[in-house]
Amino acid sequence: MLREMPAAADLAISPDKVCYIIARAREFDAKVEPVDTASASNPADDTNIDVLEDNADDPTLQELSGAIAGLNEDETVDLIAISWIGRGDFEADELEEARQLANERHRRNSARYLTGMPLLGDYLEEGLSALGFGCEDSEMAHL
């Protein structure tokens, strides 16, 4: 299951939820601008290359946004704080300060804020690691 490292932080969000969001964020980060917006060919003939295009009705973004929007307030605050720790805005021992700032600034539009963050998956993974958790086993369960 999930590998917990010594001296892990006490989080309101389960590391498994963060790992799930990391996996979805990485899928979303892999998207590219649509190349052929008027394509009428069969996806099987195009080797399903359209799945990597970032379209307005993209289910990957909907799934990522839904996962974030489905969190309770404390989980949302922790997710934002973890991303900031991973991005280098805060150190792991400044988790409480990051939580306080996240609570003040971003609770209401958290899904939009986080999905708009380039490299969200990487930041969350780095932040989670800095707080004493890893996703190695959890990622395998979500693939």
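Reader: Taking a salt bridge as a side-chain nitrogen of Lys or Arg within 4 Å of a carboxyl oxygen of Asp or Glu, how many does a search of the whole structure find?

Author: The search finds 8 of them. This is a predicted model, in which local features need pLDDT of at least 70, side-chain atom pairs count only at pLDDT 80 or more, and totals for chains, interfaces and linings use all residues. Residues are numbered from 1 along each chain as its sequence is written, and side-chain values use heavy atoms, with hydrogens and water left out.

Reader: OK, which residue does arginine 26 pair with at 2.5 Å?

Author: That partner is glutamate 125, and the 2.5 Å is the separation of the closest N and O atoms. The pair joins distant parts of the chain, since arginine 26 lies in helix H1 and glutamate 125 in helix H6, 99 residues apart; helices here are DSSP runs of H or I with at least four residues, numbered from the N terminus.

Reader: And what meets aspartate 122 in a salt bridge?

Author: Arginine 26 again, with 2.9 Å from N to O. Here too distant parts of the chain are linked, aspartate 122 being in H6 (residues 120-130) and arginine 26 in H1, 96 residues apart.

Reader: New topic, then: which residues of H4 are buried?

Author: In H4, the buried residues are Leu95, Ala98, Arg99 and Ala102. They lie on the same side of H4, because they cover an arc of only 100 degrees around the axis, the arc being that of the directions from the helix axis to the C-beta atoms.

Reader: What is exposed on the other side of H4?

Author: Glu96, Glu104 and Arg105 are exposed there.

Reader: And where is glutamate 91 found?

Author: Glutamate 91 sits in the loop between H3 (73-87) and H4 (95-105).

Technical notes. Helix = DSSP H or I, 4+ residues; strand = E, 2+ residues; numbered from the N terminus. Buried < 20%, exposed > 50% of the residue type's maximum accessible area, 1.4 Å probe, protein only.
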